[in-house]
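Please open the model in your viewer and keep the selection tool at hand. The stops below take you from one group of side chains to the next.

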Amino acid sequence: MKRINQEKIGKFLKELRKQKGLTQEQIAEKFNVSNRTISRWENGNNLPDLDILIEISDFYETDLQEVLNGERKSGNMDKETKETVLRAVDYTNTEAERYNKRVWLCNGIAMILVLAYTIIKDTSLYDYPVIMAGLDLVQGVAVGMLFAGLLYSSRYGARIRAFKERLMKRHE
């Protein structure tokens with residue numbers, strides 16, 4: 001299996017951009033990324049996500065295979081292959097959305113536990129040592145769940161929203 005050569009792909013992306021007479025800023029605006037991201041792609045330090053690679057191939061009127069190989073080839077990537085790749089991207093993002101929903105469910109449960117702790121703490125039930133120890137444990141678990149859930153959901157949530165925006169623009 002052939003390995004992906006990021007540097008070669010980066011040079012090819014730069015060549016395609018220059019052929020269109022565009023700046024990195026213009027491309028960054030087109031694909032909703034920063035100028036620095038375009039620079040990283042073109043220097044071979046990083047690669048765009050698969051959904052953006054598909055958009056790039058459409059924008060530059062080249063095949064995805066050519067972009068991934070970092071050079072022009074004869075023959076076109078057939079429509080069926082392209083749609084298969086798009087389905088794979090959709091599947092990946094659907095799985096990420098499911099994961100995100102689970103994290104938000106955990107956050108909701110954690111919030112309810114924190115609320116219950118706060119309410120019970122101010123009642124006479126809190127005076128019993130067993131309840132006091134149990135509630136302290138519940139509070140610790142709830143706060144831990146909240147922090148972990150927020151960390152995970154914020155990073156993935158932003159990527160999913162950006163992907164959906166790119167898809168919506170493509171289908172317009």
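Throughout this tour, a residue is called buried under 20% relative accessible area, exposed over 50%, and partly exposed in between, with a 1.4 Å probe and protein chains only. The model is predicted, so that local features need pLDDT of at least 70 and side-chain atom pairs count only at pLDDT 80 or more, while totals for chains, interfaces and linings use all residues. Residues are numbered from 1 along each chain as its sequence is written, and side-chain values use heavy atoms, with hydrogens and water left out.

**Salt bridges**

Begin with glutamate 7 and lysine 11, whose side chains meet in a salt bridge at 3.6 Å, N to O; the term stands for a side-chain nitrogen of Lys or Arg within 4 Å of a carboxyl oxygen of Asp or Glu. Both belong to helix H1 (residues 6-19), where, being four residues apart, they are separated by about one helical turn; helices here are DSSP runs (H or I, at least four residues), numbered from the N terminus. Glutamate 7 is partly exposed at 47% relative accessibility, and lysine 11 is exposed at 54%.

Next, select lysine 8 and glutamate 71, which form a salt bridge of 3.1 Å, N to O. This pair links distant parts of the chain, 63 residues apart, with lysine 8 in helix H1 and glutamate 71 in the loop between H5 and helix H6 (79-121). Lysine 8 is partly exposed with a relative accessible area of 31%, and glutamate 71 is partly exposed at 26%.

The structure holds three salt bridges, and one of them joins the side chains of arginine 17 and glutamate 42 at 2.5 Å, N to O. Arginine 17 lies in helix H1 and glutamate 42 in helix H3, so the pair ties together parts that are 25 residues apart in sequence. Are these two residues, arginine 17 and glutamate 42, buried or exposed? Both arginine 17 and glutamate 42 are buried.

**The cavity**

Helix H3 (residues 35-43) gives the largest share of the lining, three residues.

**Aromatic rings**

Now move to phenylalanine 31 and phenylalanine 59, whose ring centres are 5.7 Å apart and whose planes stand at 85°, so the pair is edge-to-face. Rings of Phe, Tyr and Trp (its six-membered ring) pair if their centres lie within 6.5 Å, and planes under 30 degrees apart count as stacked, over 60 as edge-to-face and the rest as tilted. The pair is 28 residues apart, with phenylalanine 31 in the loop between H2 and H3 and phenylalanine 59 in helix H4. Phenylalanine 31 is buried at 1% relative accessibility, whereas phenylalanine 59 is partly exposed at 22%. Phe31, Phe59 and Tyr60 form one aromatic cluster.

Terms used: Helices (H or I, at least four residues) and strands (E, at least two) are DSSP runs, numbered from the N terminus.
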